Amino acid sequence: METDPFASKTQREKTVSEWYPVSYLNSESVPTLSYTLLILNQPIDGKRFSRYWEGSSFKICADGGANRLYDLCEKSESHALKYYVGFIGPHHFVTGGRRLAFAQLISLQIPEVIHGDLDSLLPKVEEFYRGSGSQIIRDPDQETTDFMKCLKLISTKTSEIIGCSSHELDVVALGGLGGRVDHGLSQLHHLYMASEDTSLHIGRIILLTPESITFLLHKGHNKIHTPLGKGALAENVGIIPVGRPAVISTKGLEWDVNDWTTEIGGRISTSNHIKSDIVEVETTERVVFTIELAGS
């Protein structure tokens with residue numbers, strides 16, 4: 001008879017790591033989590049972007065991520081022009097009796113910082129955001145990626161952002177797993193690196209794409225709150241041991257496992273299904289946990 005791996009806390013890690021992925025999507029889930037929005041150089045999901053932007057306490061673009069933000073705003077302007085009368089010129093339209101310029105339109109989405117080696121930042125984008133008040137910081141170091149540069153900068157600004165030095169701010173990275181395969185693997189690599197870097201004073205790192213939300217579970221007992229009824233999450237989930245082999249036990253999935261060894265090149269759990277509002281994962285090592293977003 002198999003034992004319940006979650007029944008006895010005396011034999012396992014007593015600390016439980018609670019995860020609320022729906023809260024990062026700025027839904028009605030409780031608690032609402034404060035975070036920094038990090039925009040990487042990947043196409044932005046325009047359908048959900050405003051929710052991510054409004055839910056964040058601080059906005060930072062990693063180098064060419066600023067180009068992506070600028071492009072998204074240009075598309076928003078073009079979309080608006082199709083539905084409002086009184087088109088006046090290349091970058092003007094009338095709504096509610098007043099003229100709204102392109103610069104005014106995207107001034108609502110100005111990042112506090114643009115950071116990286118800046119080899120991808122377009123001159124017109126740099127000029128616009130610099131003139132709009134963004135702080136543009138160049139770091140020419142080629143031994144670190146723009147992603148890691150931004151994490152380190154966020155770490156130095158946490159107390160300034162949230163007004164408290166005793167708390168850490170989570171980071172939601174847009175586009176972390178999109179585009180080129182080597183870039184996606186690099187982001188997973190940096191999830192592991194950041195989790196072991198004691199000099200980084202940041203909270204959890206969340207990778208968001210138009211299709212999924214992904215994060216790194218801690219060693220020990222994890223509870224992931226997965227309320228499918230909220231309409232933000234789909235049922236598909238994966239647990240991937242990217243760093244090193246792990247032994248996992250799960251509860252709340254269609255195909256639960258007990259003391260199950262998982263490793264790249266061996267067995268991995270993909271395309272499993274959420275069957276509970278709380279999924280529990282006990283793991284001997286940090287593992288990647290990824291959930292499909294509803295409507296993706």
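Me: How do the residues of the lining of the largest cavity divide into nonpolar, polar and charged?
Reply: This is a predicted model. The lining includes Ile-39, Leu-40, Pro-43, Ile-44 and Tyr-52, and also Gln-42, Asp-45, Gly-175 and Thr-209. Gly counts as polar and Asp as charged. The division is eight nonpolar, three polar and one charged.

Me: What volume does the largest cavity have?
Reply: The structure holds two cavities of 30 Å³ or more. For the largest cavity, the volume is about 70 Å³.

Me: How many aromatic pairs are found in the whole structure, and which kind of pair do Tyr-24 and Tyr-35 form?
Reply: The search of the whole structure gives seven aromatic pairs. The ring centres of Tyr-24 and Tyr-35 are 6.0 Å apart and the planes are at 55°. Planes under 30 degrees apart would count as stacked and over 60 as edge-to-face.

Me: How many residues apart in sequence are the parts that the pair of Tyr-24 and Tyr-35 ties together?
Reply: Tyr-24 is in the loop between strand 1 (16–19) and strand 2 (35–39), whereas Tyr-35 is in strand 2. Tyr-24 is buried at a relative accessible area of 2%, and Tyr-35 is buried at 1%. The pair therefore ties together parts whose separation in sequence is eleven residues.

Me: Which kind of aromatic pair do Phe-128 and Tyr-129 form?
Reply: Phe-128 is buried at 16% relative accessibility, and Tyr-129 is buried at 0%. Their rings are 5.3 Å centre to centre, with 75° between the planes. An angle over 60 degrees sets the class, and the pair of Phe-128 and Tyr-129 is edge-to-face.

Me: Which residue has its charged end over the ring of Trp-19?
Reply: Trp-19 belongs to a cluster that ring pairs form with Phe-215 and Phe-289. A charged end sits over the Trp-19 ring, 3.8 Å from the ring centre, and it belongs to Arg-204.

Me: Why do the buried residues of helix 1 line one face, and within what arc do they fall?
Reply: In helix 1 (residues 46–55), the buried residues are Arg-48, Phe-49, Tyr-52, Trp-53 and Gly-55. An α-helix has 3.6 residues a turn, so residues three or four places apart point the same way. Lys-47 and Glu-54 are exposed, on the face turned away from the buried side of helix 1. Seen down the axis, the buried residues of helix 1 line one face because they fall within an arc of 165°.

Me: Is Leu-118 buried or exposed?
Reply: Leu-118 is in the loop between strand 6 (113–116) and helix 4 (123–131). Its phi is near 65°, which is positive although the residue is not glycine. The cut-off for burial is under 20% relative accessible area; at 18%, Leu-118 counts as buried.

Me: What is the relative accessible area of Asp-259, and how is the residue classed?
Reply: Asp-259 has a positive phi near 50° and is a residue other than glycine. The place of Asp-259 is in the loop between strand 13 (246–251) and strand 14 (260–262). The relative accessible area is 45%, and Asp-259 is classed as partly exposed.

Me: How far apart in space are Gly-252 and Ser-276, C-alpha to C-alpha?
Reply: Gly-252 is in the loop between strand 13 and strand 14. Gly-252 is buried, at a relative accessible area of 11%. In sequence Gly-252 and Ser-276 are 24 residues apart, and from C-alpha to C-alpha the distance in space is 4.9 Å.

Me: Which residue is 66 residues from Leu-228 in sequence and 8.7 Å from it in space?
Reply: Leu-228 is found in the loop between strand 11 (220–225) and strand 12 (233–240). Leu-228 is partly exposed, with a relative accessible area of 30%. The residue at that C-alpha to C-alpha distance from Leu-228 is Ala-294.

Methods: Residues are numbered from 1 along each chain as its sequence is written. This is a predicted model: local features need pLDDT of at least 70, side-chain atom pairs count only at pLDDT 80 or more; totals for chains, interfaces and linings use all residues. Side-chain values use heavy atoms; hydrogens and water are left out. On a 1 Å grid over the protein atoms alone, a cavity is a set of points where a 1.4 Å probe fits but cannot get out, and a pocket is an open set with protein on both sides within 12 Å along at least five of seven lines; lining residues have an atom within 4 Å of a point. Grid points are joined across faces, edges and corners, and a volume is the space filled by probe spheres set on the points. Rings of Phe, Tyr and Trp (its six-membered ring) pair if their centres lie within 6.5 Å; planes under 30 degrees apart count as stacked, over 60 as edge-to-face and the rest as tilted. Helices (H or I, at least four residues) and strands (E, at least two) are DSSP runs, numbered from the N terminus. Buried means under 20% relative accessible area, exposed over 50%, partly exposed in between (1.4 Å probe, protein chains only). A charge sits over a ring if NZ of Lys or CZ of Arg is within 6 Å of the ring centre and within 35 degrees of the ring normal. The arc is that of the directions from the helix axis to the C-beta atoms.
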